[in-house]
Amino acid sequence: MEKPDSSPVKRIAILGSTGSIGTQTVDVIKMHRHRMRASLLVARRNVELLAQQAVELRPERVVIADESLHDRLATLLRGTGIEVLSGPKAIEDAVCAESIDVVVAAMVGFSGFGPTMAAIGAGKDIALANKETLVVAGQIVMKAAREKGVNILPVDSEHSAIFQCLQGEHHLRPSKILLTASGGPFRGMDRETLASVTPQMALRHPNWDMGAKVTIDSASMMNKGLEAIEARWLFNMPASQIEILVHPQSIVHSAVEFEDGAIKAQLGVPDMRIPIQYALTYPDRIASPAAKLDITSCGPLTFDKPDTETFRNLAIALAALDKGGNAPCAMNGANEIAVARFLKGDIGFLDMSDVVERTMGQVAFAPNPSMEDLYATDAEARRIATDLSDSFTKG
């Protein structure tokens, strides 16, 4: 049931407003203007779309991460009264403003870590779509959130599903998390076939409309490894109690098994606006812009174990989870470089796994890393992965 119109309007910051999650968050806000408004919009480089969103939503301020684009954005927004800022430091400062209640952390990759930590430090609730934040520094992030009394509400469809399944079960500890994966566009293929995969082929996901980086991670199954690490920290579950299931239909978004043998699952159409809206309206459920699932016509639902020998990125990510320390951070930094180089056509699809694995073997291991250690690990991993990618290109 909708809240009455007299309810306070939730003031939202969108980090990564021009990306896939960001634009869908804008759709949700536009549908529920009586319940929520955008106070801050942040983008990396897409000046034109950021300006268009700002004119439509009228936030108090906008930030473009690339400082060289500040003047262009300021020109586009001249006369609107919207404050225009630029640069990473401006992002971290802006998320701390008193005019913000919740921060949608949708920046892709390690770049979202600093702003998310700044928002937690300022006591802002986090609608978390940037899984890399918990992959890189899950223990540090969750500890900071507890200390500040901050709610971290998952936006990823899988983690939102788990979160929803746990509602009303606070007195029971789940015995297992069942994390579903679509399997991506190459499910069932062998490594010989994968060797010839092009970026254009990998960007065609069968079910979800996502940004390029996430889509490539899904195709290589790295995304599911990142999500397993995220689930470990979000739900305080050991890796041994997180099971990954390949579910090509993307109808069951994930499930939870309890000690009595009961399994609760969350089903729905593959539309990210559903988990985005739930994070922004929790604990309420309200009308959504997404289509409803017709359970009588969605066809058979199948579940299989993942092929970690063919899709080595998943095995590499799970190994990083088991190792702990700064290993997931090194893995993440190397993967971001490998994906970027694959998208440019510099390395092959299978080369991405080699780059990540070899990088992890060369980065110095830190069992209990500080934030400074993690920034150093990320930089070292990116340097090594870049050198390795260059060697593949020259070879």
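Start by selecting strand β8, residues 174-181, together with β9: these two pair in the parallel sense over 5 bridges. Keep in mind while you look that this is a predicted model. Now click on leucine 178 and look across to β9, where its bridge partner is glutamate 243.

Next, bring in the rest of the sheet. Which order do the strands follow? Reading across, you get β9-β8-β10-β11, an open sheet of 4 strands with mixed pairing. Color β9 (242-246) and β11 (263-267), and you've marked the edge strands, each of which pairs on one side only.

What does α7 lie across? You'll find β8, β10 (252-258) and β11 there, with the helix running at about 40° to β10.

Last stop: a pair of helices. Two packed helices are described by the angle between their axes and the distance between the axes. Select α10 (residues 212-220) and α11 (residues 222-234): their axes come within 5 Å and cross at roughly 95°. Angles from 65 to 115 degrees count as roughly perpendicular, so that's what α10 is to α11.

Want to see who makes the contact? Show the side chains of Lys213, Val214, Asp217, Ser218 and Ser220 on α10, then those of Met222, Asn223 and Leu226 on α11. Color them by class and this α10–α11 contact shows 3 nonpolar, 3 polar and 2 charged residues.

Notes
Residues numbered from 1 in each chain as written. Predicted model: local features only at pLDDT ≥ 70, side-chain atom pairs only at ≥ 80, totals over all residues. Heavy atoms only, no water. Axes fitted to C-alpha atoms, helices over the stretch in contact; angles between N-to-C directions. Parallel < 35°, antiparallel > 145°, perpendicular 65-115°, else oblique. Contact = heavy atoms within 4.5 Å. Nonpolar A, V, L, I, M, F, W, Y, C, P; charged D, E, K, R; others polar. Pairing = 2+ DSSP bridges.
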